[in-house]
Every structure is written in structure tokens, then in C-alpha cells.
Amino acid sequence: MIEIAVIGGGMAGLAAAWRLHRRRRDVHLFDAGARVGGFVDTVRTDEGFLVERGPGSIRGGRLAMKSLIREVGLEDALLLAEPAAKNRYIWAGGEIQRLPSGPKDLLTTKLLSPGGKLRLLSEPLRRAPRERRDETLGALLERRIGPEAVASFVDPFVTGVYAGDPYRLGVDAMPLVGELEHDHGGLFRGLGKKRGAFGSGIYSLTDGLGMLPGAIGRALGERVHLGASAVALERIDGGTRVVLRDADPIDARRVILAAPAPVTGALLATLGVPAQCLTHLPHAPIVKVELGLRDADLARPLDGFGLLTASSSPLPGDALPIMGVIFASTVFSGRAPAGHRSLSVMLGGVRDTGVVERDDAALVAQAERAIDLLFGLRAAPVMRRVTRWPAAIPQYPPGHLRAIASLGARLPAGVRLAGNHQAGVSLDDVVASGLAAADAI
Ligand SMILES: Cc1cc2nc3c(=O)[nH]c(=O)nc-3n(C[C@H](O)[C@H](O)[C@H](O)COP(=O)(O)OP(=O)(O)OC[C@H]3O[C@@H](n4cnc5c(N)ncnc54)[C@H](O)[C@@H]3O)c2cc1C
């Protein structure tokens, strides 16, 4: 019998396994796929571009990820975003507009009417309801900053982070928002008090985020078992039996489940633990279309992190929607060969759920049409790569975190959960959930 089995080798499971391995615990990691990393997957194309097939950057945030990178010995590979990445753009009202970066910009932005600005800036005057409500993010923010600001700022932001809809996501998707209202009496007031409490800056690694799962996988060595798909769990004397597809079962004293929500929910069901908050958790699809271009082939400069689209503002003509574009080679150096640039066009999300059914040619055409309309495409790209993620981002409904806490209290002894279904979908959040599961097991 092994001491600890970690099921799922995405960043949550890797963080858990790494911490336990460092503490000299007898830990083994089982992943259904042919590599570790889950969504984190960096490739170098034949044309010389560095492409992130999944996530492309990490935001300061909780700092769990940055500590992990240091512990693993990749500190020298940390790569900060270029200064130009502080500019962000929004497609709204039929034009590209710069996102305000401070109160002065808010007064002059064309993204809000004078009434909309007044409604936003009077947010500190609005009282919080006595009791916290299980409401949607859109409903809470509309109460505080008004419908215009939700449509112009929150909607594109929620598209960029969750591929979601603020009026369907619960406040649990961004617990900070509820906390600011209830514990500090408002968003502006709370943010003022919390200034400096969050890590800042956007970063990656010199050869892409894939360096991190690669390094942890190498450190774990033979303790990583690939092509190992867990299909059921059974209680046995002194622990849990993990039944694997096409392989002998593994007996472990303790188990960390770090697989996607529906898989984790199904595994818990085999132990007699119902987990509807996992099995029924909806997910939004994302398709990433990476385009490599010669410098001269775009009419407009890409001087920023990227552009997001507001759902109220379709692209002109018959162009199919895109969620946004990340100016990948502007954000980080070393992503495109000299004289070239690269873009990640994000398609799908809850606005376009049929996206994963389209063939590559249709997806590339959808992405190129949008880039042409937005930035003026003068010649065909020299590199194109399509990656489909049918279940990319969990869409936390109202009350999700309460349901997760209640599930946590019902788990059998020696079983813990980690992953993007627990307490946030960012890499920082999932690493934090993996480390917490390792501490608790
Ligand atoms: C396109 C895209 C872009 C993103 N961009 C960003 C970004 O820029 N910044 C950011 O912070 N976050 C971003 N995210 C979110 C972030 O990448 C994810 O939330 C995070 O990687 C999830 O990690 P995880 O370990 O919870 O799950 P996963 O990465 O899904 O890992 C789960 C693992 O479980 C394995 N598994 C599945 N079934 C079984 C089974 N039966 N038995 C054993 N193993 C199994 C899978 O093979 C997989 O390796 C992005 C996500 C996507 C999809």
C-alpha cells in the first residue's frame, strides 16, 4: 500500500504532489493523459513561435504560484510582462477603446455615458444589504456600479477570465467582490483599504508556463504514472483502493482528488458520497487560435496586453464573435522570431458554445476575419495553430462555495479535493488549492 495517491496531474495535483514529495512523504501521482500539466501546455512550433495552448500568464494575486516556482528552482526563469502590457483594450460601441487605468481616465472614457459615470463613481454612497445573498455577480455589481459599467467593464472582464456571463456566474466566482461589499461597506472603500495586499504584475516563464509542470514531473520521476485513468474508488481496510482503467488497482492510505469536477464527482459517487456541486458544474468551452504574422502584416500596432469584446457590441458585418485577443508577443519577450509577432485569438465561451464543433479551417477563418476587422490583416499568417478545450472553465453558480464547503465536511477520512472547482479558476487559485489539500491530508 502506498501512502498518498494524487489523482490528476494538472497544476492542482502537481502542487499537492510536489509539496508532499518535498516533505519526504510516499506520494504517487496518476494522470489519465500522456503528459502532466493539464491545461498548461507550451509548444515551440516549427516556424519558431512559442505557443501556449492553454493559459499564457499568471497574475500576482495570492502568490501561491510564485512561491511554487521558486521552490521548484525556476526563479531565474521568471519573466515579467513588458511595460506595454499595461494597456488594455475593449471592443465596444463599434470601436476599439482603451480601458481606463485610473479615476482620471474614468472621467474621460467614451465607454460610459455621463449618467453611467455618475452611477459608477457614486458607488461608495450605496449601502450593502444586511445579509449576504446568493446572487449573481452581475446582480451584485449592477446594484453597486450600475448596468452600464457592468456591460462595459465587467462583461468583457468576465469573458476574459471565465469565458462566462456575469448574470449567470455567482458572486462565488469572485469572492473578493462580496467580501469588499460586506466587510468593507463597498468596492471602492474596500479596495482603498486593501491596497498593497495583493501581489501585482503579470508574469510567465522564459520558455513558457510548461516549464513548471515539466520541472515538477521530472522531480517526481517514477512517482508519476501516465495513462492512468481512475474509474472508481473503494474503501478498504486502512485506506482507499483506486481502480484504474486497463491497469492494476492502487491501494493508498490517503487520496487527493485533483481531476476535473465531473470526474471527481463521479469518483466520489463510487464511494457513496453524492457531489452534485461537482457532477453538475457547468463548464464553458474555449478554442484558442494562435496566429503568427510578419511585423509588417498588421496595419495597427499591438501595444498592450490584448483586447476583449463586450457581448453587447458585435463585430461588424457577418463576422462570428470572438471573446478577445491576447497580444502574446507584446506581453512577453521570446514568443515570436525576429520580425514577427504572435496573437492568441480566444473563441467560444458561454456566448458561442458550439465553437468546439467547428473544423479547424472554419475556426481559423473566424479568427482571421476578426483580426482583419480589428487590426487590418495585410497578408496571410505564417503560423496557425488551433487548440480546442471543450470543458475549459467551470462556471460557479450562486452558492457554489457553500456547496463545496458542505461537500468538504462530508468527505471520508483520508480523502481531500483540489482543483479549479474548489476556490477559483486561476493558476494561482488551483495551486493554492493543491497546497492546501497537501497540508490537510
Ligand atoms: C484556454 C485557457 C486559458 C487560460 N488562461 C489562464 C491564464 O492566462 N491564467 C490563469 O491563471 N488561468 C488560466 N486558465 C485557467 C487555468 O489554466 C485552469 O483553471 C487550471 O489550469 C486548472 O488546473 P487543474 O489542475 O484544476 O485542472 P486540469 O489542468 O484540468 O488538470 C486535471 C488533470 O486531471 C487529469 N484527469 C482527468 N480525468 C482523470 C482520471 N479519471 N484519472 C486521472 N487523471 C485524470 C487530466 O488529464 C488533467 O491532467 C486558462 C484555462 C484555459 C482552458
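Domain bounds here come from an automatic or database domain assignment. The model is predicted.

**View 1. Domain 1 meets domain 2.** Domain 1 gives 16 residues to the contact, and domain 2 gives 21 residues. On the domain 1 side, helix H9 (211-220) and helix H14 (400-410) each supply at least two residues. That side has eleven nonpolar residues, five polar and no charged.

**View 2. The largest nonpolar core holds 124 residues.** Val6, Ile7, Ala16, Ile256, Val345, Leu347 and Val431 touch the most other members. Both domain 1 and domain 2 give residues to this core, so it lies between them. In soluble globular proteins, nonpolar side chains tend to be buried together.

**View 3. Ile7 and its contacts.** Which residues does Ile7 touch, not counting those up to four places away in sequence? They are Phe30, Ala230, Val242, Val255, Ile256, Leu257, Ala258 and Ala259. Ile7 and Ile256 are both among the core residues that touch the most other members.

**View 4. A shell of 36 residues surrounds the ligand.** Gly8, Gly10, Gly38, Pro55 and Gly419 are the closest. Helix H1 (11-22), strand E14 (283-294), strand E18 (383-394) and helix H15 (427-440) each give two or more residues to the shell. The shell divides into 21 nonpolar residues, 13 polar and two charged. Domain 1 and domain 2 each provide at least three of the shell residues.

Conventions
Residues are numbered from 1 along each chain as its sequence is written. This is a predicted model: local features need pLDDT of at least 70, side-chain atom pairs count only at pLDDT 80 or more; totals for chains, interfaces and linings use all residues. A nonpolar core is a set of buried Ala, Val, Leu, Ile, Met, Phe, Trp, Tyr and Cys residues joined through C-beta atoms within 7 Å. A residue is buried if 20 or more other C-beta atoms lie within 10 Å of its own, exposed if 12 or fewer, and partly exposed in between; C-beta atoms are placed from the backbone. Two residues are in contact if their C-beta atoms, placed from the backbone, lie within 7 Å. Helices (H or I, at least four residues) and strands (E, at least two) are DSSP runs, numbered from the N terminus. Ala, Val, Leu, Ile, Met, Phe, Trp, Tyr, Cys and Pro count as nonpolar, Asp, Glu, Lys and Arg as charged, and the others, Gly among them, as polar. A residue is near a molecule or strand if its C-beta atom, placed from the backbone, lies within 6 Å of it.
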